[in-house]
Amino acid sequence: MRNTSNKAYHGYIGQVPGFDYEALSVVDVHLVEGTRSFTELMWPEGNPSFCDTVHSFGRQLRELEKMVRRMLLESLGVVEHFDRQNSELTFDLRLAKYGALTSQEATVALPPHVDVSTITLVVQHKVAGLQVLTADGEWLAVPPSPNSYTVLIGQVLQGWSNGRLRAKLHCVMVGGDETRYSAIFASHPKDDVMVQVPEELVDEQHPLIYKPFSYPSFVNFHHSEDGAKSDDSLKAYCGVQVVEVGA
Ligand SMILES: O=C(O)CCC(=O)C(=O)O
Ligand SMILES: [Fe+2]
């Protein structure tokens, strides 16, 4: 296997019995070196057109991610943290393929989950499947469109915002005889960054919920047995314990 990673679920995923799914990850897709090293891995003889296309896609998605994140920080009144946060983030692109099914009946291809990322942008290529749980508790099927993106808040942004922004539960349902492709672009903190709630987001009404954490350690916990068991892996990993005094 060539596309590997020391972070769980960040390299090639596939060959899972009973699950016709494969995905490849382009790490640091916004950097020339990132797309080049992925291209050289897959095509040692070179593939400049793939490299240029994916790199340009990655850079444009980074601009979209920044635009959305800036709006979110503005709405929380903490936009002064935007530039520093930009310097602390990196961006990966996952290209996923969900195999065609013989039956038309919709089947869960990816069970309900929240992403570990800061922000995820999903583009579905022609075949529908992504569903997002709304605030009213309804599953909303997102129609595929080549020029619209679904923005999902990930657990890192939930943590950094002291729970003001919530990671969105979503899943993928597939059915029918068409292979489904999707591109999943995610921002997340660089390995050496400690994610810390800005002090402006902590006050009496909003006591600190999460202690500082690092992304790779959190991701490893999230995919561990204990992480998989918990309803809220971020809280289980770095949640502040509330001690009731004199109850
Ligand atoms: O394929 C999709 O539409 C979304 C996939 C997803 O949610 C994920 O890989 O985390
Ligand atoms: Fe996801």
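This is a predicted model: local features need pLDDT of at least 70, side-chain atom pairs count only at pLDDT 80 or more; totals for chains, interfaces and linings use all residues.
**Exercise 1.** Identify the elements that give two or more residues to the shell around ligand 1, and state which of them provides the largest share.

*Solution.* 
Step 1. Two or more shell residues come from each of strand S2 (89-98), strand S3 (107-113), strand S8 (170-174) and strand S9 (180-189).
Step 2. Strand S9 provides the largest share, 3 residues.
Step 3. By class, the shell holds 6 nonpolar, 3 polar and 3 charged residues; Arg-94, Asp-115 and Arg-180 are among the residues around the ligand.

**Exercise 2.** Find which side chains place an N or O atom 3.0 Å or 2.7 Å from an oxygen atom of ligand 1, and state what percentage of the ligand's accessible area the protein covers.

*Solution.* 
Step 1. For His-170, the distance from a side-chain N or O atom to a ligand oxygen atom is 3.0 Å.
Step 2. For Tyr-98, a polar side-chain atom lies 2.7 Å from an oxygen atom of ligand 1.
Step 3. For Ser-182, a side-chain N or O atom is 2.7 Å from an oxygen atom of the ligand.
Step 4. On its own, ligand 1 has 300 Å² of accessible area, of which the protein covers 96%.

Note on methods
Residues are numbered from 1 along each chain as its sequence is written. Chains are lettered from A and ligands numbered from 1 in the order in which they are written. Side-chain values use heavy atoms; hydrogens and water are left out. A residue is near a molecule or strand if one of its heavy atoms lies within 4 Å of it. A polar contact is a pair of N or O atoms within 3.5 Å; within protein, one must be able to donate a hydrogen and the other to accept it, and residues adjacent in sequence count only if both atoms are side-chain atoms. Accessible areas come from the Shrake-Rupley method with a 1.4 Å probe; for residues, only the protein chains shown count as cover. Helices (H or I, at least four residues) and strands (E, at least two) are DSSP runs, numbered from the N terminus. Ala, Val, Leu, Ile, Met, Phe, Trp, Tyr, Cys and Pro count as nonpolar, Asp, Glu, Lys and Arg as charged, and the others, Gly among them, as polar.
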